[in-house]
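Subject: Structure for you to look at

Hello,

Here is the structure I said I would pass on. Please open it first; my notes on what was found follow below.

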Amino acid sequence: AMNRSLSNVILGGYATVATQTETVDRTHQEIDVSGTVDLLTSAKKVIIVPGYGLAVANAQYAIADLIQKLRNHGVDVKIAIHPVAGRMPGQLNVLLAEAGVPYDIVFEMEEINDEFDDTDVALVIGANDTVNSAADEDPNSPIAGMPVIRD
């Protein structure tokens, strides 16, 4: 609903024809659990990007455990919070605090975007829309104009 009027949010899809979105050729690399463990434990710096999916799965405690294990292993771990991640602003901050994640590693999007260039791993958990470059690159995207966490 970001950057849209109330009437557009309520009636925006009514009697409209979908437009073609821009196609971008990119490659991906699949990884299994042991590969993920190796990647995370060999990293010097990891940024975790939590979203609504993390909240729905009640995964804040598992993430807190992961953060503690990585920090004990000498990994610099930070959390990137998107302003509209979760069902309401601040939801993820509260969930992470409840799970015991230290406040000093939790950063708002504007504070941490510049740190991705020197980050080894970005772990996105239930927050695909908050990192989707289509918001910036594709004016026909349903999320066009939404601020995104950038790498």
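Predicted model: local features only at pLDDT ≥ 70, side-chain atom pairs only at ≥ 80, totals over all residues.

Residues are numbered from 1 along each chain as its sequence is written, and side-chain values use heavy atoms, with hydrogens and water left out.

Salt bridges

A salt bridge here is a side-chain nitrogen of Lys or Arg within 4 Å of a carboxyl oxygen of Asp or Glu. By this rule there are three salt bridges. Asp118 pairs with Lys45 at 3.5 Å, N to O. Asp118 sits in the loop between α6 and β4 and Lys45 in strand β1, so this pair ties together parts that are 73 residues apart in sequence. (Helices, H or I and at least four residues, and strands, E and at least two, are DSSP runs numbered from the N terminus.)

Lys45 also forms a salt bridge with Glu115, where the closest N and O atoms are 2.6 Å apart. Because Glu115 lies in the loop between α6 (109-112) and β4, and Lys45 in strand β1, parts 70 residues apart in sequence are tied together. Lys45 is buried, with a relative accessible area of 9%, and Glu115 counts as buried at 18%.

The remaining pair is Glu115 with Lys78, with the closest N and O atoms 2.8 Å apart. Lys78 is in strand β2 and Glu115 in the loop between α6 and β4, so the pair links parts 37 residues apart in sequence. Both Glu115 and Lys78 are buried. Through shared partners, Lys45, Lys78, Glu115 and Asp118 are joined into one network.

Helix α4

Helix α4 covers residues 60-72. Which of its residues are buried? They are Gln60, Ile63, Ala64, Ile67 and Leu70. Seen down the axis of α4, the buried residues fall within an arc of 130°, so they line one face of the helix (the arc is that of the directions from the helix axis to the C-beta atoms). An α-helix has 3.6 residues a turn, so residues three or four places apart point the same way.

The face of α4 turned away from the buried side carries the exposed residues Ala62, Lys69 and Asn72. The cover over the buried residues of α4 includes α2 (33-42), β1 (45-50), α3 (52-56), β2 (76-81), α5 (91-98) and β4 (121-125). After α4 comes Gly74, with a positive phi near 90°.

Two buried residues

His82, in the loop between β2 and α5, is buried, with a relative accessible area of 1%. Leaving aside residues up to four places away in sequence, His82 touches Met109, Thr130, Met146, Pro147, Val148 and Ile149 (contact means heavy atoms within 4.5 Å).

Ala135 is in helix α7 (residues 134-137) and counts as buried at 6% relative accessibility. With the same exclusion, Ala135 touches Ile143, Ala144, Gly145, Met146 and Val148. The C-alpha atoms of Ala135 and Met146 are 5.5 Å apart, with the two residues 11 residues apart along the chain.

Regards

Methods: Buried < 20%, exposed > 50% of the residue type's maximum accessible area, 1.4 Å probe, protein only. Expected span 1.5 Å × (residues − 1).
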